[in-house]
Amino acid sequence: MSDAVKSEIKSLETERCRALMARDLKAVATLVDDDLVHIHASGRIDTKAEYLAGVKKRFVFRDVARQDLTVRVYSDIAVAIGGLTQTVEIIGTSETRQMKAVVTQVWRHRDGAWRQVSFQATNA
């Protein structure tokens, strides 16, 4: 089962990246838990509502890609660690930011689904 869960988490993370680039807020909202704590590489901490508002009103994700994602499973918790590169435009400005980070994510299985409960990016 552990290998199946690892594969599922990697697929969910691929879907999260796709949803960000497609500006599919409904899909992003489904993938993150109501208890989400999203820590940006800048140190800013967002709740789920704040994170989704940022995705909608502050950023256009031009490219989001994961590298070398490793997943460890502990019963109903999965921890995913790996590289993240992304290109983001800041809405209302001409600013584009390139980001290269190492990210730790915690996914929790509850009510029949895996959802991300924690995200922390560290600039690489």
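## Salt bridges, cores and overall fold

Me: Does Asp46 count as buried or exposed?
Reply: Asp46 counts as buried, because its relative accessibility is 4% and the cut-off for buried is under 20%. Please note that this is a predicted model.

Me: Which side chain meets Asp46 in a salt bridge?
Reply: The partner is Arg44, with a distance of 2.8 Å from N to O. Arg44 counts as partly exposed, at 38% relative accessibility.

Me: How many salt bridges does a search of the whole structure find?
Reply: The search finds eleven salt bridges. One of them joins Asp33 to Arg108, whose closest N and O atoms are 2.9 Å apart. This pair links distant parts of the chain, since Asp33 lies in strand β1 and Arg108 in strand β5, 75 residues apart.

Me: And how accessible is Asp33?
Reply: Asp33 has a relative accessibility of 3%, so it counts as buried.

Me: Which residues are linked with Asp33 in a network of salt bridges?
Reply: The network consists of Asp33, Asp35, Arg108 and Arg110.

Me: What does Glu89 form a salt bridge with?
Reply: Glu89 pairs with Arg62, and the closest N and O atoms are 2.7 Å apart. Here too, distant parts of the chain are linked: Glu89 belongs to strand β4 and Arg62 to strand β3, 27 residues apart. Glu89 is partly exposed at 28% relative accessibility, and Arg62 is partly exposed with a relative accessible area of 49%.

Me: Changing topic: how many helices and strands are there in the chain?
Reply: The chain has three helices and six strands. Along the sequence, they follow the pattern α-α-β-β-α-β-β-β-β. The radius of gyration is 14 Å, close to the 14 Å that the globule rule gives for 124 residues, so the chain is as compact as a globular protein of that length.

Me: What share of the residues count as buried?
Reply: Of the 124 residues, 40% count as buried. The chain exposes about 6800 Å², of which carbon and sulfur atoms supply 51%.

Me: Which residues touch the most other members in the largest nonpolar core?
Reply: They are Leu20, Tyr51 and Phe61, in a core of 21 residues. The elements giving two or more residues to this core are α1 (2-22), α2 (25-31), β1 (32-39), α3 (48-57), β3, β4 (77-90), β5 and β6 (113-123). In soluble globular proteins, nonpolar side chains tend to be buried together.

Me: What does Phe61 touch, not counting residues up to four places away in sequence?
Reply: On that count, Phe61 touches Leu20, Met21, Val55, Gln86, Thr87 and Val88. There is also a second, separate core of ten residues, which includes Val5, Ile9, Leu69 and Val71.

Me: Where is Gln105 found, by strand? Does it count as buried or exposed?
Reply: Gln105 is in strand β5 (residues 96-110). Gln105 counts as buried, because its relative accessibility is 0%.

Me: Which side chain makes a polar contact with the side chain of Gln105?
Reply: The side chain of Glu13 does so, at 2.8 Å. Leaving aside neighbours within four places in sequence, Gln105 is in contact with residues including Glu13, Arg16, Arg66, Leu69 and Phe119.

Me: Lastly, what does Ala65 touch, not counting residues up to four places away in sequence?
Reply: Ala65 touches Gly83, Leu84 and Thr85 on that count. Ala65 lies in strand β3 (residues 59-74) and is partly exposed, with a relative accessible area of 24%.

Conventions: Residues are numbered from 1 along each chain as its sequence is written. This is a predicted model: local features need pLDDT of at least 70, side-chain atom pairs count only at pLDDT 80 or more; totals for chains, interfaces and linings use all residues. Side-chain values use heavy atoms; hydrogens and water are left out. Helices (H or I, at least four residues) and strands (E, at least two) are DSSP runs, numbered from the N terminus. Buried means under 20% relative accessible area, exposed over 50%, partly exposed in between (1.4 Å probe, protein chains only). A polar contact is a pair of N or O atoms within 3.5 Å; within protein, one must be able to donate a hydrogen and the other to accept it, and residues adjacent in sequence count only if both atoms are side-chain atoms. Contact means heavy atoms within 4.5 Å. A nonpolar core is a set of buried Ala, Val, Leu, Ile, Met, Phe, Trp, Tyr and Cys residues joined through side-chain atoms within 4.5 Å. The radius of gyration is taken over C-alpha atoms; the globule rule is 2.2 Å times the number of residues to the power 0.38. Accessible areas come from the Shrake-Rupley method with a 1.4 Å probe; for residues, only the protein chains shown count as cover. A salt bridge is a side-chain nitrogen of Lys or Arg within 4 Å of a carboxyl oxygen of Asp or Glu.
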